[in-house]
Amino acid sequence: SFVLDEINPSTVLVDLSPWLLQESFNTICAATNILVDECHGLLRASPHEQLKMAQGVLDLLLHVISAPHSSVTHLRALGGASQALDLFGAAVFLEVVGDTLQHWARLLLTLMNSTSLSVRSIAVDFMVSLFGETFKEGGNVDEIAMVLVTVMPEVVAREIAIYSVCDQVSCMKDVESSVWPLRRALADVEDTNPADDNRVDSHLSPFLTTLCRTCQAVIDGVIVELRLKGKESSI
């Protein structure tokens, strides 16, 4: 009784708030996974209802992914999005995503630059699945590729700026290091082997190689531009 009397409820709440917030979003992600797993089969006979459920689930997961949560929460949210892509298919995913495709691309590339190996790995896995399923269903992935290349300079510049604001950039070597995880993730996508991964068609593999090398060249372009500006550059 004495111990309980000495505890300040407001202090306990402040200490628990970050944990409670993370766990609430983790619970949301788990609930959406169960919902998709249990209901996608039942809704196959009603494409309109399936589309509505996919819309709600993906909008919710997009909101979770876009917020500055822990790596565990991002891992679970992107895992849920990957599950939705796998069960609903690429056509439904792209139709539901619609005008937010660029936002999804920004977030995916940002997570591919995560210092957390698990988050980076699932982001790579999601990208491979998205390209693989889209190619199998439509035979063309130009729309997704164009969006990724379009938002790449913005993502790279923002990642460098974030490291700079956190006082982790003092020279060009630090700038290059700040986007190393993204480079590594793109290399992992490029190295996807059709012989080992049935999501990737043998005809898609050369395209992924070209795309990933183009993205690497965009990163080089941003860094070169900063080098040319020298001391005048404002990160």
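**Notebook: helix packing in a predicted model**

Entry 1. I began with helix 7 (residues 117-138) and helix 10, which pack at an angle of about 40° with their axes 10 Å apart. Helix 7 is therefore oblique to helix 10, since only angles under 35 degrees count as roughly parallel. I noted that this is a predicted model.

Entry 2. I then looked up which residues make the contact between helix 7 and helix 10. Helix 7 contributes Arg 120, Val 124, Met 127 and Val 128. From helix 10 come Trp 180, Pro 181, Ala 185, Asp 188 and Val 189. Sorted by class, the contact has seven nonpolar residues, no polar ones and two charged ones.

Entry 3. I stayed with helix 10, which spans residues 180-190 and includes Glu 190. Is Glu 190 buried or exposed? I found a relative accessible area of 18% for Glu 190; this residue is therefore buried, because the cut-off is under 20%. I also recorded its partners beyond four places in sequence: Glu 190 is in contact with Thr 209, Cys 212 and Arg 213.

Entry 4. I turned to helix 8 (residues 142-165) and helix 11 (residues 205-229), whose axes come within 10 Å and cross at roughly 30°. Helix 8 passes helix 11 in a right-handed crossing.

Entry 5. I listed the residues that form the contact between helix 8 and helix 11. On helix 8 they are Asp 142, Ala 145, Leu 148, Val 149, Met 152, Pro 153, Val 156 and Ile 160. On helix 11 they are Phe 207, Leu 211, Thr 214, Cys 215, Val 218, Ile 219, Val 222 and Leu 226. By class, I noted 14 nonpolar residues, one polar residue and one charged residue in this contact of helix 8 with helix 11.

Entry 6. I finished with the chain as a whole. How many helices and strands does the chain have? Its secondary structure comes to 11 helices and zero strands. Of its 235 residues, 43% count as buried. The chain exposes about 12,600 Å², and carbon and sulfur atoms supply 58% of that area. I also looked at contacts between residues at least 6 apart in sequence: 71% of these join residues at least 24 apart.

Conventions
Residues are numbered from 1 along each chain as its sequence is written. This is a predicted model: local features need pLDDT of at least 70, side-chain atom pairs count only at pLDDT 80 or more; totals for chains, interfaces and linings use all residues. Side-chain values use heavy atoms; hydrogens and water are left out. Helices (H or I, at least four residues) and strands (E, at least two) are DSSP runs, numbered from the N terminus. Buried means under 20% relative accessible area, exposed over 50%, partly exposed in between (1.4 Å probe, protein chains only). Contact means heavy atoms within 4.5 Å. Accessible areas come from the Shrake-Rupley method with a 1.4 Å probe; for residues, only the protein chains shown count as cover. Axes are lines fitted to C-alpha atoms, for helices over the stretch in contact, and angles run from 0 to 180 degrees between N-to-C directions. A crossing is left-handed if the near helix is turned anticlockwise from the far one by less than a right angle, and right-handed if clockwise. Ala, Val, Leu, Ile, Met, Phe, Trp, Tyr, Cys and Pro count as nonpolar, Asp, Glu, Lys and Arg as charged, and the others, Gly among them, as polar. Angles under 35 degrees count as roughly parallel, over 145 as roughly antiparallel, 65 to 115 as roughly perpendicular and the rest as oblique.
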